[in-house]
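Visitor: I have a structure to look at and some terms to sort out. Could you take my questions one by one?

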Amino acid sequence: MENKFKSLINHSSIIMLSVCTITLCGCGGGGGGGGEQTHLSGTVAQGAVVGAVVFADHLSGAEANYLMDTDEATTSTTTDAAGHFTINSPSYDYVIVSWGGTDSITHQPAMQMLAPAGAANISPLTTLVALNPASQAVIESLGIAYDADISATITPAAAMVVQSIQTAVSVVTNALTTDSTGASTGLSTSVVNNIQRDVLIQVAAQIQQSHATNLTDPSTLATTITTAVTDAMTSEGGSTAIEDLTTIAVQTAISNAVTTAVTSVATNMLTTSGSSTTDAVAENTIVTPSVVTQNNTATQTATEAVQAEITVTPPANAAPTISGTPPTTVTSGTAYSFTPTKSDPDAGDVLTFSIQNQPSWATFNAATGALMGTPTTLGVSSDIVISVTDGIHTASLPAFSITVTSNTGGSGGTQ
């Protein structure tokens, strides 16, 4: 009997159930940016996450896809060495998304994370609340605000839950992205993000149904998280990104590996610092080198156990397309603007633009492909090529030239 790795909940609809209305930087929250908001600031934390891309994703419409689309690119930034970010406040209803980066405590790749509009920071805890608002009360029973900067202050109980969630996500991610030789299986970043989000949706659902006492004991915590991972693999309605992973043996191997890894990490943390829900301290005093080592060892051991059962065949990647007819003349002192049209059959691919032989008087936007500027001298810019890539395939417009003319029709020389 075969089962697909899917989850139960439609991502966009579950987030739209509730958007927190806590304010950021003294600005109005609740989703719409409005005229009062200018910037959103906070920290991306597992530990502090360095080099993560942060942007505001739409909550409705075609762009509600956890991907950085054209207009959302204007809100994007990258976190600094302390995990801090500041982005422009959007005018639409949104959820904050964090891609990639490195956990500064464990030195492991960070998972995709979310935060509702109005949250002060981004972390695994805000991700659970964004995916299931009803989980907030259970999370905060661990002695910490759901949107606290957990890289600066956290209770041992909350730290144990955060590290256990990260461990489970690492087990699933590593098992699916590397084969038994350690080579990449070729799954794209967007596919991996979808898989992680399916797991986190189910973790949020399980935590929402739990009591704090079940989350402060390694055995019951491991059961809670393993149930979530199992549900993500067997429920209908979620990601179809790993349809090659269809056997019960694979599902069982992943579930067993998650149980082993989470139990090991949670037990180590309980032994190190207890499970207090009241005595908040800096995270790096709880997630000690021994905990990091145990986390990495448990994850690696679990991954090896799973890989013997898994063969991942990544979905074929289709090439993006680019089209449009750029204007080939512009009058000196007049604004020039051209933005190509792009598309990609693979939902979830992140597209990036590039240009060859860019005119000296023009600027180019790598997120949108827009070429614009106001020339002040006459001349011709030749062999301009605008391309778009999904990271695997590249498509280009035919080479074109732009001639800058005067009001009387002169064009000068080459620019």
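Visitor: What makes strand β18 (residues 400-405) mostly covered?
Guide: Buried means under 20% relative accessible area, exposed over 50%, partly exposed in between (1.4 Å probe, protein chains only). In β18, 5 of its 6 residues are buried. So β18 is called mostly covered. This is a predicted model: local features need pLDDT of at least 70, side-chain atom pairs count only at pLDDT 80 or more, and totals for chains, interfaces and linings use all residues. Residues are numbered from 1 along each chain as its sequence is written, and side-chain values use heavy atoms, leaving out hydrogens and water.

Visitor: How do you know that β18 pairs with strand β10 (residues 329-331)?
Guide: Strands (E, at least two residues) and helices (H or I, at least four) are DSSP runs, numbered from the N terminus. Two strands pair if DSSP finds at least two bridges between them. β10 and β18 have 3 bridges, in the parallel sense. So they count as a pair. Thr-329 stands opposite Thr-403 in β18.

Visitor: Which way does strand β16 (residues 379-389) run against β18?
Guide: The two run antiparallel, joined by 4 bridges. Gly-379 stands opposite Val-404 in β18.

Visitor: Why are β11 (336-338) and β14 (362-364) said to stand at the edges?
Guide: The open sheet has 3 strands in the order β11-β15-β14, with antiparallel pairing. β11 and β14 each have a single partner strand, so one side of each lacks a neighbour in the sheet. Between β14 and strand β15 (residues 371-373) there are 3 bridges. Phe-364 stands opposite Leu-371 in β15.

Visitor: What makes β6 largely enclosed?
Guide: In β6, 6 of the 6 residues are buried, so the rest of the structure largely encloses this strand. Tyr-94, Ile-96 and Ser-98 point one way, Val-95, Val-97 and Trp-99 the other.

Visitor: How do you know that β6 pairs with strand β3 (residues 53-58)?
Guide: β3 and strand β6 (residues 94-99) run antiparallel, joined by 6 bridges. Val-53 has Trp-99 in β6 as its bridge partner. β6 is also joined to β8 by 4 bridges, again antiparallel. There, Ser-98 has Met-113 as its partner. The sheet order is β4-β3-β6-β8.

Visitor: What is called a nonpolar core, and where is Ile-96 in that picture?
Guide: A nonpolar core is a set of buried Ala, Val, Leu, Ile, Met, Phe, Trp, Tyr and Cys residues joined through side-chain atoms within 4.5 Å. The largest has 91 residues, and Ile-96 is among those that touch the most other members. Helix α4 (residues 156-177) gives the most to this core, with 13 residues. Contact means heavy atoms within 4.5 Å. Leaving aside neighbours within four places in sequence, Ile-96 contacts residues including Leu-40, Phe-55 and Met-113.

Visitor: How do α4 and helix α5 (residues 189-208) cross?
Guide: Axes are lines fitted to C-alpha atoms, for helices over the stretch in contact, and angles run from 0 to 180 degrees between N-to-C directions. These axes come within 10 Å and cross at roughly 145°. Among the residues that meet are Ile-165 in α4 and Ile-207 in α5.
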